[in-house]
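Dear colleague,

Please find the structure below, together with its sequence. A short account of the findings follows.

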Amino acid sequence: MKIIISPRAEKELRKIPKIDQIAIAKKIRSLKGPFTIKNTEKLTGDKNISRIRIGQYRILFKYKTNEIYIILIGHRKDIYHLISQLLR
């Protein structure tokens, strides 16, 4: 399975403290396993976007048959506002 990270997600990831970056990177690597997909929740507004919680941070992604496209990574207080702006 292939994981693709959007440029916007990379930019937001660089703003996060290093210790949280490490936890997020571990969680992204674990997405390759089929068991983790079951532990995600779908967003209410969009049927194709799911999220994973890592402490105060969220990873928003789309899951396709052979790839996972990470749309956005950010703090829980900002992430849903940012995704609504991106999807307009």
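pLDDT is the predictor's confidence in each residue, from 0 to 100. This is a predicted model, in which local features need pLDDT of at least 70 and side-chain atom pairs count only at pLDDT 80 or more, while totals for chains, interfaces and linings use all residues. Residues are numbered from 1 along each chain as its sequence is written, and side-chain values use heavy atoms, without hydrogens and water.

The protein chain has a mean pLDDT of 86, with 93% of its residues at 70 or more. Among its elements (DSSP runs numbered from the N terminus: helices, H or I, at least four residues; strands, E, at least two), α1 has the highest mean pLDDT (93) and helix α3 (residues 34-37) the lowest (62).

Five strands form an open sheet with mixed pairing, in the order β1-β5-β4-β3-β2; strands pair if DSSP finds at least two bridges between them. β1 (2-5) and β2 (41-42) are the edges, each with a single partner strand, so one side of each lacks a neighbour in the sheet. β1 pairs with β5 (residues 67-75) in the parallel sense over 4 bridges, and Ile-5 is opposite Ile-70 in β5.

Yours sincerely
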